[in-house]
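Hello,

Here is the structure I promised to send over. My notes on it follow below.

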There are 4 protein chains.
Amino acid sequence: MSERFSIKGVVPPVVVPMTEDGEIDVPAYEKHLNRMIDAGIDGLFFLGSSGEVAFSTDERRRQIIELGMRINAGRLPVIAGCIDMQTNRVIEHAKAMEQLGVDAIVATAPFYAIPGPTTVANHFRAIKEAVDLPLFAYDIPVCVNTKLGWQELAELGAEGTLDGVKDSSGDDVSFRFLVLENERRGHPLTLLTGHEVVVDGAYLAGADGSVPGLANIDPVSYVEMWNAFQRGDWASVKAIQDRLANLMLITQVTRGAAGYGAGVGAFKTALWVMGVFNTNQMPAPVDRLTDENVEAIRRVLMDAGLV
Amino acid sequence: MSERFSIKGVVPPVVVPMTEDGEIDVPAYEKHLNRMIDAGIDGLFFLGSSGEVAFSTDERRRQIIELGMRINAGRLPVIAGCIDMQTNRVIEHAKAMEQLGVDAIVATAPFYAIPGPTTVANHFRAIKEAVDLPLFAYDIPVCVNTKLGWQELAELGAEGTLDGVKDSSGDDVSFRFLVLENERRGHPLTLLTGHEVVVDGAYLAGADGSVPGLANIDPVSYVEMWNAFQRGDWASVKAIQDRLANLMLITQVTRGAAGYGAGVGAFKTALWVMGVFNTNQMPAPVDRLTDENVEAIRRVLMDAGLV
Amino acid sequence: MSERFSIKGVVPPVVVPMTEDGEIDVPAYEKHLNRMIDAGIDGLFFLGSSGEVAFSTDERRRQIIELGMRINAGRLPVIAGCIDMQTNRVIEHAKAMEQLGVDAIVATAPFYAIPGPTTVANHFRAIKEAVDLPLFAYDIPVCVNTKLGWQELAELGAEGTLDGVKDSSGDDVSFRFLVLENERRGHPLTLLTGHEVVVDGAYLAGADGSVPGLANIDPVSYVEMWNAFQRGDWASVKAIQDRLANLMLITQVTRGAAGYGAGVGAFKTALWVMGVFNTNQMPAPVDRLTDENVEAIRRVLMDAGLV
Amino acid sequence: MSERFSIKGVVPPVVVPMTEDGEIDVPAYEKHLNRMIDAGIDGLFFLGSSGEVAFSTDERRRQIIELGMRINAGRLPVIAGCIDMQTNRVIEHAKAMEQLGVDAIVATAPFYAIPGPTTVANHFRAIKEAVDLPLFAYDIPVCVNTKLGWQELAELGAEGTLDGVKDSSGDDVSFRFLVLENERRGHPLTLLTGHEVVVDGAYLAGADGSVPGLANIDPVSYVEMWNAFQRGDWASVKAIQDRLANLMLITQVTRGAAGYGAGVGAFKTALWVMGVFNTNQMPAPVDRLTDENVEAIRRVLMDAGLV
């Protein structure tokens, strides 16, 4: 079994820039990753929900990781999403990621076919057995329809199947119970929140770090918030989180878009407006944001002082 | 664009037999397909939700189709599911299926990443553009979280993007509106119901055929029901459907299982008890049914005169 | 315990006409009920979901029943909804209805506070014990979040707690299982479908009758469909149902409305356009349909030959 | 229009003790309210979801308020839930509460009949117009199926319709956006969180107070947490919240119960085990917790030092 892997701090789920014709925009990717690394983040999470994973062929997944790791050049630990419907395909992705040399992998509960009561634990155990890498559970019921139970997660941590949890469940009560149970068991799990608007509350609750999509836009502030938390300066933590929550309005001010197109679409548009990306092109079949939606996002960025 | 493809009658979604160690059980597969073809079914739908698609690697998908087509030997039209999260991967599957020579393909709405208002139509159009094969939309919100609208489906049919719909939505009101709208537009879509317990009502509503998972267990009765429908003998249609609904209790009598493990698990167990399959092995990470659950299924089969 | 109550045929859930200032419009109510009774319907279901029950004070509920029964003048059996959050209030309504002399009452599963595993059966038993009237269970998960299980309903029927079920669940599979189980137990329950667009399929499945909201608009056709069913003329059953499904498009052609305002709003608007109601006023806080929505409904009615 | 009402701090939603035969247990009620008031709470919220509101007749609602206000004897402000399906009944409750002299009222979005886009705002405006009392919106989608939007709430606050929000939505992202928007508009709304396990995060986010069901069990700790928050002692806030989250396990350790019976059932059982209540009797049709479930709750209370 792999050694216990641990990570702390800010680990952005990397949004991937595309060219107009749908290829990875390598110069923009380089600029984007360097900008975040220079801001002082603590790790990189590739192929998460905001990282095109659902839209990517196996070859595209490989490209995203290979290019990302080449740019990163060992500066930060790399975590890679192995998101697919059921165990066998997840294991294929995990083996590919292992060969590419990532530091840890992330898998969701199985989806599409509805899991029964013992299926979820079977799933994580089979992945762990197949691949000798630290394994994070990705709790994202909005995408996979299953909420991972805090007792089950803690148990899978204690037995050595899971090394951490990336919580994007929006269920802060369950997260609190998980934190406390994980403490009682000696902290086997690294607990990261994906909840970018209430990271302050998650830190107060005991999270080990955050995976905020919005850190693609403003990595400096998330690093500052982490540092303020480390020195116990809660007034600053709160003030920075408020600022970031206002910046998150980029995902709330658009009209006529929904789901991935509104969420990641706003991130890509902001990075384009800010000059980090060369376009806000989205993966097919998702339409990019246009016209007044771009302007609405620009206004939020101006209010935030980012353009 | 492909010629307008049409199919009528009973098209079972094929359940795939496995060996104890998780390989395709070729002799059982042969026995199973021949048994259904001999019963007089009208087509074969491989890689549907009950056909292991979510649990299969690309290689396993290829095996299921290749072996299935070799056994079928051109006797019946073959429809293949191209189920994956988003458009790019669906197109990869579709191209693989095209090379294998299937007669039509089936795709769901995109899932995992949540689609916005125009995403679904974009998705089907991109698949159709990429692959010159008849394309069915698979409406299965319980797995993909999106209900396909009847107006949108009819429109995609009229424009030539879709050739048919496999309806597993459980929304008979929407299905009725779809049937009527499809008639108004000159019947561009072949409409198949996946609702094995109320196929009689779907035929009455105007379905062109059915894709009943339960036809794996009792193909003869579904063929008889179709024939009775063809000759307008509604008393027989209803009587046969009642008998089949009672047989469907195999999915209701188990305890402690849920989702795929209870549904397809019951199908595999019944086929094993009946001697068609050599085991009721399930794809990992799903547990097979055991002990009193097997006995409960056996009792339903005995009541139905199938063992 | 009350004698076993039974009803067959078409039992419309009565839509109640209001005046502009929100009172019951008595002349329109009279015209409306007489029009349906003259069409040959078999019973009247007051205070259902389309019958203003959720918007009515106890006093208004009393008025709806008193006026309705005065107009009915004993011509047809009267069933009254006793819809409220939990058992105690349902029993208050039930006792009021008993005093008003209705023939049977209808109650949903408890809602707002989430019921546990034994709560639903407790609930129906407590109502039956409190009031000596035939009791129907109203299965409407879209409003109350609980789907009544077919095994539980059949059990409550066999023990004498329930006399019938009004199924508005949209789950035709469960309804089929219920019909078959009810037969096995000697038909203790009268089973009515609320699914106005697929009543034909419900009759084929074995429903004892229907509670179609759309029968407020076109009672004659629902009566004709029932009669065709009685004589086994399935071609006519289907043709009439198709015609009625096209009429049901009044609920699909509006824009900007949703929920009750779109559904019952369309019924009231149609009755107003047809001259049965004097206005399409809705109970506060629901806005009535206006302008192009009224015109869209008028066009559907013209296509149906009803204006 | 009523003057702007404001409240800060800890406002428990009062759990009501019953006798074995289902009446209000007046001595226990007195002991319970005095215990909380003596602990230093800041207000009393009667007839919330944990306060039997859904199970209460109008007469029982009146008793709960009358007795509660007699015991309170003006020591603390009193807020009363006016929970019912739609506007007209809510207004009846509101008028009854006005006559009883409560200080503010609380209403949810309309439920059972599904609201359309403008219905919710119409609803709150109609209540405010009918009754001259401060009005809180109760955001509890798990019971009423509608999530109140933060923009709409802030707008209703700014126009004077709403005086506050009790947030039991579990959606901390939306709550954060609401807090910030409310600040931008000059803080028209008093914002209370009902999320007893993460009150610390809500205080950090900017909540004006909390409505924690668990404060019925341990009011002292919630008061201490509020005081620690007031003096900026976040280490203590977090430590107290952790302690309280562990106490909240009384709702997680039972088996076989669900919904209201597991949640409020655990609160009543704890108060009974602690000697504040004389029984853990529940309102019909909900079963009380028994045997090993009582013991499991007792163990949590012992770990917490409360028995």
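The contact takes in 41 residues of chain B and 41 residues of chain A (contact: heavy atoms within 4.5 Å). This is a predicted model: local features need pLDDT of at least 70, side-chain atom pairs count only at pLDDT 80 or more, and totals for chains, interfaces and linings use all residues. Residues are numbered from 1 along each chain as its sequence is written, chains are lettered from A and ligands numbered from 1 in the order written, and side-chain values use heavy atoms, leaving out hydrogens and water.

Together, chains B and A bury about 3400 Å², 60% of it on carbon and sulfur atoms (accessible area, 1.4 Å probe, that two parts lose on being put together, summed over both). Salt bridges between chain B and chain A number zero (side-chain nitrogen of Lys or Arg within 4 Å of a carboxyl oxygen of Asp or Glu).

On the side of chain B that touches chain A, α3(B) gives the largest share, four residues (helices, H or I, have at least four residues and strands, E, at least two; both are DSSP runs, numbered from the N terminus).

Now to α6 of chain A, residues 150-158. Its buried residues are Trp150(A), Leu153(A), Ala154(A), Leu156(A) and Gly157(A) (buried: under 20% relative accessible area, 1.4 Å probe, protein chains only). They fall within an arc of 160 degrees seen down the axis of α6(A), so they line one face of the helix (arc: directions from the helix axis to the C-beta atoms). They pack against α4, β5, β6 and α7 of chain A. Just after α6(A), Gly160(A) has a positive phi of about 95 degrees.

Best wishes

How values were computed:
Buried means under 20% relative accessible area, exposed over 50%, partly exposed in between (1.4 Å probe, protein chains only).
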